[in-house]
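Q: I've got a model open on my screen and I'd like to learn how to read it. Can you walk me through it feature by feature?

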Amino acid sequence: MLIFLIGMMGSGKTTLGKELATELNYSFVDLDAFIEEKEGRTIAQIFEQEGQERFRKIEREALQTIVANYKNAIVATGGGTPCFFDNMALMNAGGETIFLDVPAEFIAQRLSQSDLSTRPLLAGKTQSELFSFVGETLAERRQFYAQAKHIVARPPYTIDALLALFSL
Ligand SMILES: Nc1ncnc2c1ncn2[C@@H]1O[C@H](COP(=O)(O)OP(=O)(O)OP(=O)(O)O)[C@@H](O)[C@H]1O
Ligand SMILES: O=C(O)C1=C[C@@H](O)[C@@H](O)[C@H](O)C1
Ligand SMILES: [Mg+2]
């Protein structure tokens, strides 16, 4: 089974995805890391050198490669992945999708304690800009995220909550 974790930057896709893969003895694929390895440069460099539009095409192709080549894997997607092309339909057809619906205030709080320079959409933002950006972006993206087959909408955001979705 392929399980895609979706949600905003900072919702915990990478952190929870790694734990879930270990628990299920599945492979773990982080879409951002997969792209960085394939391209030989960081996400920030891709944005800087070629812009977001090109990044979204690279991201779409990487997602197609993963759907075609992995069988039992947890895939932590990028925060924007569900919102471009028909990526949501591709993931729903290829496996199970789980939206980590973490409130904007939690996310902004977590992100404010992390390194923003690796996240090009957040780099250089002040604390108050970060809080408004997260709130507004989540509101815009919700229509895409909400197409997930499963939604974890309240704490605790733990792997037990994810395992319970599949009665595992
Ligand atoms: N359940 C949690 N409780 C508290 N903090 C958490 C939790 N999950 C993740 N974090 C922290 O939040 C930050 C972002 O988590 P993580 O990198 O897993 O998010 P992400 O969804 O993969 O984000 P991105 O889309 O930017 O890759 C990290 O600093 C992580 O330690
Ligand atoms: O939310 C987003 O649009 C992004 C999230 C990250 O995972 C990266 O994919 C990139 O920084 C863009
Ligand atoms: Mg991540």
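A: Let's begin with the idea of a contact: two residues are in contact if their C-beta atoms, placed from the backbone, lie within 7 Å. Keep in mind as we go that this is a predicted model.

Q: Which residues does V67 touch, leaving out those up to four places away in sequence?

A: With those sequence neighbours left out, V67 touches L2, L90 and G94. V67 itself sits in helix 3. The C-alpha atoms of V67 and M91 are 7.6 Å apart, although 24 residues separate the two along the chain.

Q: Is V67 buried, exposed or partly exposed?

A: For that you count C-beta atoms: 20 or more others within 10 Å make a residue buried, and 12 or fewer make it exposed. V67 has 16 within 10 Å, so it falls in the partly exposed class. Over the chain, 32% of the 168 residues count as buried.

Q: How do helix 3 and helix 4 cross?

A: Here you look at the axes. Those of helix 3 (residues 43-69) and helix 4 (residues 87-94) come within 11 Å, crossing at roughly 10°. That is why helix 3 counts as roughly parallel to helix 4.

Q: Which residues of helix 3 and helix 4 meet?

A: From helix 3 you have R60, L63, Q64 and V67, and they meet N87, L90 and G94 in helix 4. Sorted by class, this contact of helix 3 with helix 4 has three nonpolar, three polar and one charged residues.

Q: Zooming out, in what order do the elements of the chain run?

A: Starting at the N terminus, you read β-α-β-α-α-β-α-β-α-α-β-α. The tally is seven helices and five strands. The radius of gyration is 15 Å, close to the 15 Å that the globule rule gives for 168 residues, so the chain is as compact as a globular protein of that length. Its C-alpha atoms fill a box of roughly 40 × 35 × 25 Å along the principal axes.

Q: How much of the contact in the chain is between residues 24 or more positions apart?

A: If you take the contacts with a separation of 6 or more, residues 24 or more positions apart account for 76% of them.

Q: What surrounds ligand 1?

A: There are 16 residues around ligand 1, and the closest are M9, G12, K13, T14 and T15. Helix 1 (residues 13-24) gives the most to this shell, with three residues. By class, the shell around ligand 1 has three nonpolar, nine polar and four charged residues.

Q: And which residues surround ligand 2?

A: Ligand 2 has M9, D32, I43, G78, G79, G80, R119, P120 and L121 around it. That shell has four nonpolar, three polar and two charged residues.

Q: What should I look for in the backbone?

A: Most residues other than glycine have a negative phi, and most peptide bonds are trans. Now look at N25, which is not a glycine but has a positive phi of about 60°. N25 lies in the loop between helix 1 and strand 2 (27-30), and it counts as exposed because it has 7 C-beta neighbours inside 10 Å.

Q: Where is F85 found?

A: F85 is in the loop between strand 3 (73-76) and helix 4. It is not a glycine either, yet its phi is positive, about 50°. With 15 C-beta neighbours inside 10 Å, F85 counts as partly exposed.

Q: Which residues does a cis peptide bond join?

A: It joins P155 and P156, with omega about 0°. You'll find P156 in the loop between strand 5 (150-152) and helix 7 (159-165).

Key:
Residues are numbered from 1 along each chain as its sequence is written. Chains are lettered from A and ligands numbered from 1 in the order in which they are written. This is a predicted model: local features need pLDDT of at least 70, side-chain atom pairs count only at pLDDT 80 or more; totals for chains, interfaces and linings use all residues. A residue is near a molecule or strand if its C-beta atom, placed from the backbone, lies within 6 Å of it. Ala, Val, Leu, Ile, Met, Phe, Trp, Tyr, Cys and Pro count as nonpolar, Asp, Glu, Lys and Arg as charged, and the others, Gly among them, as polar. Helices (H or I, at least four residues) and strands (E, at least two) are DSSP runs, numbered from the N terminus. The radius of gyration is taken over C-alpha atoms; the globule rule is 2.2 Å times the number of residues to the power 0.38. Axes are lines fitted to C-alpha atoms, for helices over the stretch in contact, and angles run from 0 to 180 degrees between N-to-C directions. Angles under 35 degrees count as roughly parallel, over 145 as roughly antiparallel, 65 to 115 as roughly perpendicular and the rest as oblique.
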